[in-house]
Amino acid sequence: MAVGVLMPKAGITVEECVITEWLKKKGDHVNVGDILFTYETDKASFECESTAEGELLEIFYQDGDEVPVLVNVCAIGQPGDDISGLRGGGAEAAPAAAPAAQAAPAAAPAASAAPAPAAGAHMAQGVLMPKAGITVEECVITEWQKKKGDHVNIGDVLFTYETDKASFECESTAEGELLEIFYQDGDEVPVLVNVCAIGQPGDSIEGLKEGTAPAAGTAPAAPAAAPEAQAAPAAPAAAPSGAHMAQTVIMPKAGITVEECMISEWQKKKGDHVNIGDVLFTYETDKASFECESTAEGELLEIFYQDGDEVPVLAPVCAIGQPGDSTEGLKDGSAPAAPAAAQPAAAPAPAAAPAAAQPAAASGPANPDAKVSPRARKTAKELGVDATAAAGTGPHGRIIEADVKAYAASAPAAAPAPAAAVSAAPVQTAAPAPAAAAAAPAAAPEAEYVDVKFSGVRKATAKGMMKSLSTMAQLTHYHTFDATALLALRKQIKANGEAMGMPNITLNDMVLFAVSRIILHHPDLNAIMPEENVLRKYSHVHLGMAVDTPKGLFVPTIFNADQMSLAEISVEAKRLAKICQEGKATPDMLAGATFTVSNVGSLGVEMFTPIVNPPQVGILGVCGTTTRIKEVNGEIKPYQAMGLCLTYDHRAVDGSPASRFVKELCNALENLPLLMMQ
């Protein structure tokens with residue numbers, strides 16, 4: 001039997017991906033880990049690696065096709081292997097294989113003569129080592145939280161693991177007994193390899209560690225599944241008419257370590273009709289903002305949490321169904337005590353109600369069933385147009401951002417709705433005037449203060465800064481250097497930057513460039529403390545850069561800054577700053593720094609004490625310029641001085657080495673052209 005390769009789920013809310021280019025063709029031999037094709041979501045591009053070894057027997061989707069996540073994209077196996085049933089199958093297709101397996105003996109009577117396998121031959125399920133980043137190839141298991149023989153549920157934390165950038169928790173994707181642990185604490189495990197086996201006592205684990213299916217271990221699963229399939233039709237009969245339960249939409253888990261998210265803004269309101277894929281609300285973690293799409297179709301019956309509320313991940317946020325469906329117990333996750341009675345039809349509304357409903361119907365989408373990318377939907381909202389009215393040019397007619405912009409440029413101006421409303425009911429508009437006049441004197445008193453809850457970013461910053469100051473022996477050195485030559489070079493580049501291939505180089509870019517070179521001479525500062533009494537020194541500089549955004553402080557990382565030119569550092573710094581200011585930074589962008597630079601000089605700051613971002617051991621604060629005087633050949637002359645403030649962890653770095661670093665950095669900044677020539 002051939003093996004299917006699934007379209008990865010490249011994000012919590014991603015439902016489908018577009019294949020951009022196949023890198024292998026039908027008939028090629030592929031190994032585990034070979035890149036089969038590239039694909040993209042509305043936000044990023046990725047590579048799909050093979051999870052099986054053999055010949056690429058069939059490709060089910062071509063370049064440009066839009067493929068639902070967790071659906072088989074191709075089949076890999078040996079020449080002659082059966083691929084029937086793989087097309088259209090995926091992660092949820094395993095139970096459906098039972099009827100096909102039962103029908104097989106009718107097609108091939110000779111096969112039925114084989115002895116029936118024992119009942120205990122059912123296959124256990126493997127739990128994969130997650131791919132915790134696009135470039136991550138292997139992870140180290142730090143500690144198992146469960147032991148062999150323990151019963152585990154879906155979502156239980158099995159073990160913790162780490163990459164070279166961060167630590168994570170691996171949750172179980174199956175329920176049952178932990179039958180076997182293939183790798184122990186400290187082992188380095190390739191991503192997408194089975195780490196353990198979960199199932200029922202007696203289930204076969206043969207071939208799970210190596211990722212190979214046993215020769216005859218999968219067939220017996222079919223008869224075992226048949227009784228359940230036959231019993232399934234009885235379930236609907238148990239529910240009386242009118243007692244149907246609404247469906248919940250849960251708060252997504254937007255990251256391995258995320259425990260709760262804050263709702264930023266609801267895009268739908270109670271009573272709205274929603275389709276699968278419609279954006280219900282936006283939400284944020286301490287690192288990034290996201291959109292939550294509906295996983296059900298129907299009426300938005302109930303909203304359990306409002307804008308600004310903090311919601312635990314995987315908790316129900318709202319209920320969607322048909323009018324009259326029960327929502328009892330859905331918020332707290334408990335089943336209703338008794339079937340809810342059907343809701344009676346609502347009494348007819350006053351005569352004004354139908355009139356009020358007409359504008360909503362008139363402003364509805366031109367094509368409610370149109371597929372709209374999240375980016376296109378956001379652009380439509382900013383431009384004030386209906387995204388579903390645009391003509392889709394994306395794969396399978398999907399409406400993309402360019403379609404919305406083209407539609408907005410050609411769309412006619414909307415008719416002024418208020419005027420039509422007034423002319424439709426001239427008699428009613430005059431009547432409320434006295435009541436409005438009477439209500440005017442009762443103006444609400446001005447509030448003395450307003451309590452504002454911390455955003456996710458603000459809470460994360462507060463937690464990190466308190467941890468830093470309470471766990472480190474921090475102190476700060478203050479230095480200045482003559483910035484005359486640096487300012488002159490900046491002026492020269494600004495005037496001739498385009499011709500020199502260095503457009504818009506800032507003073508901060510120059511400081512980042514100098515730090516990336518000089519800190520390599522001081523490895524104790526280009527380091528982190530992953531645990532007590534351990535200093536991890538890096539051979540390359542991954543430079544954190546503090547960025548001020550409307551949502552708070554973000555610190556993205558310029559990886560391998562020591563290998564970049566000044567122009568390349570400038571481009572990357574601006575790219576990361578823009579992503580952070582738009583609220584689109586990913587956790588990978590905000591991790592992995594070995595040293596941080598924080599520049600508040602443009603705000604007139606002459607001296608400050610930056611706080612180290614753990615587990616780093618140092619941070620450089622960059623101040624503004626001030627006019628000072630110095631003696632030159634017996635004459636007193638003014639010059640522009642710039643301040644640098646180095647805060648470091650005295651547990652890892654002593655005062656003299658720290659001072660030598662800043663002294664060398666000051667000299668480099670005073671002679672930056674020479675540094676650029678090295």
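Residues are numbered from 1 along each chain as its sequence is written, and side-chain values use heavy atoms, with hydrogens and water left out.

I then followed β22 (residues 298-303) against β24 (residues 316-321), which pair in the antiparallel sense over four bridges; the bridge partner of I303 in β24 is C318.

**The whole protein.** I count 15 helices and 34 strands. Of the 678 residues, 38% are buried, where buried means under 20% relative accessible area, exposed over 50%, and partly exposed in between (1.4 Å probe, protein chains only). Among contacts (heavy atoms within 4.5 Å) with a separation of 6 or more, 60% come from residues 24 or more positions apart.

**Confidence.** The average pLDDT (the predictor's confidence in each residue, from 0 to 100) is 79, and 77% of the residues score at least 70. I marked residues 92-120, where the pLDDT is below 50 and the stretch has ten contacts in the model beyond near neighbours in sequence. I also marked residues 213-242, again with pLDDT below 50, with 18 such contacts. Where pLDDT is low, the predicted coordinates should not be read in detail.

**Aromatic pairs.** I found ten of them, counting rings of Phe, Tyr and Trp (its six-membered ring) whose centres lie within 6.5 Å, with planes under 30 degrees apart called stacked, over 60 edge-to-face and the rest tilted. W22 and F37 form a tilted pair, 4.7 Å centre to centre with 50° between the planes. Because W22 lies in strand β2 (residues 16-22) and F37 in strand β4 (residues 35-40), this pair ties together parts that are 15 residues apart in sequence.

F595 and F661 make an edge-to-face pair, 5.9 Å centre to centre with 75° between the planes. F595 is in strand β32 (residues 595-599) and F661 in helix α14 (residues 655-670), 66 residues apart, and the pair links these distant parts of the chain. I read a relative accessible area of 0% for F595, and for F661 the value is 0%.

**Charges over rings.** I required NZ of Lys or CZ of Arg within 6 Å of the ring centre and within 35 degrees of the ring normal. The charged end of K209 sits over the ring of Y183, 5.1 Å from its centre, and K331 lies over the face of Y305 at 4.9 Å from the ring centre.

**Backbone details.** A cis peptide bond, with omega about 10°, joins P614 and P615, and P615 is in the loop between β32 and β33 (618-632). N533 has a positive phi near 65°, and at 72% relative accessibility this residue counts as exposed.

Notes:
This is a predicted model: local features need pLDDT of at least 70, side-chain atom pairs count only at pLDDT 80 or more; totals for chains, interfaces and linings use all residues. Helices (H or I, at least four residues) and strands (E, at least two) are DSSP runs, numbered from the N terminus. Two strands pair if DSSP finds at least two bridges between them.
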